Amino acid sequence: MDSKFSLLPKVINGGIAGIVGVTCVFPIDLVKTRLQNQQPGPGGQLLYKNLLDCGVKTFRNEGFFGMYKGSGVNLLLITPEKAIKLVGNDFFRHILSTEKGKLTFGREVLSGAGAGMCQIIITTPMELLKIQLQDAGRSASIDLAANSNANNPAVTSKPPPPRLSATKIALQLVRQKGIFGLYQGCGATALRDVTFSAIYFPLFAHLNAMGKRREGSDQAVFYHSFLSGCIAGCTASLSVNPFDVVKTRLQTLHKGVGEETYSGIIDCFGKVLKNEGPKALFKGALCRILVIAPLFGIAQTVYYLGVAEYLLGIEKP
């Protein structure tokens, strides 16, 4: 543990890692959201069969830029979100360490959980706005199919819905519910992010400590940090996937025709288990792993390269 805590380079590195990571994996995140949100129709039919089917249908119906719906708000807020998460963990580890720089396992878990709790102030509204834009195409397809089955001639002449934007959604929520309207699903977000960080950061620290050290440094070699980030990210991501499914459904403001609505975390868990079975809580798990693993691998890469230190002219330890 460093004797001093350098805030600015950590914030910049966290922001760069977030922007690069989101740009690379956002289409997979969109597929994950749609898979998690889809519910069986009256006949048990599903709009998307699997990850590949969802990706192909989305690309075919909405084009390349359709795969990046909601990316704007994510790119805007990912810098403070990732900065709070990564810097928060480092900060808590710094203040909870002993004079010799050691941390008990319990304090490592507490540091990670603290970072996860701090980040929800940014994560909740970011995820809420992103999900509306990501899921718009899926819910519109459900509505269209339902109206077509009803053979309602009035529907065919109905004008298309207005184009969604994060700004419009945010302003509408603030007008209707105040600032707290942007924090719908905050409890589920905290449940997911606190648990994720409590698993990820201690696991990464222990895996990274097992690796070969760089010459003249106590830091692990690049490839070991990268793999440690990927493994820890995969493990934590899979562990919290049920919470992520519940969070996604609670934060979806517009449900397709005939889709279930939920009053809270417990109600959502209960209805999903009753109507769709335990496997439904792991919908989008592979997508989430494919998002989280490279995202945190990239974060470790940025830290290893010392991009912020280079830009600021600071010597990297």
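Where is I314 found?

Modeller: I314 is found in the segment after helix 12; helices (H or I, at least four residues) and strands (E, at least two) are DSSP runs numbered from the N terminus. The model is predicted, so local features need pLDDT of at least 70 and side-chain atom pairs count only at pLDDT 80 or more, while totals for chains, interfaces and linings use all residues. Residues are numbered from 1 along each chain as its sequence is written, and side-chain values use heavy atoms, with hydrogens and water left out.

With a relative accessible area of 41%, I314 is partly exposed, a class that lies between buried (under 20%) and exposed (over 50%), with a 1.4 Å probe and protein chains only. Together with L8, Y310, L311 and L312, I314 forms a nonpolar patch on the surface, and the accessible area of these residues comes to about 560 Å². Such areas come from the Shrake-Rupley method with a 1.4 Å probe, and for residues only the protein chains shown count as cover. A patch takes residues with over 30% relative accessible area and no salt bridge, joining nonpolar side chains (Val, Leu, Ile, Met, Phe, Trp, Tyr) within 5 Å and like charges within 9 Å. A salt bridge is a side-chain nitrogen of Lys or Arg within 4 Å of a carboxyl oxygen of Asp or Glu. Helix 12 (residues 307-312) gives the most to the patch, namely 3 residues.

Of its 317 residues, 48% are buried. The chain exposes about 15900 Å², of which carbon and sulfur atoms supply 66%.

Aromatic rings may be considered next. Rings of Phe, Tyr and Trp (its six-membered ring) pair if their centres lie within 6.5 Å; planes under 30 degrees apart count as stacked, over 60 as edge-to-face and the rest as tilted. By this rule there are 8 aromatic pairs. The rings of Y200 and F201 have centres 5.0 Å apart and planes at 80°, so this pair is edge-to-face. Y200 and F201 are both buried. F243 and F269 also form an edge-to-face pair, with 6.2 Å from centre to centre and 90° between the planes. Because F243 lies in helix 9 (residues 241-251) and F269 in helix 10 (residues 265-276), that pair ties together parts 26 residues apart in sequence.
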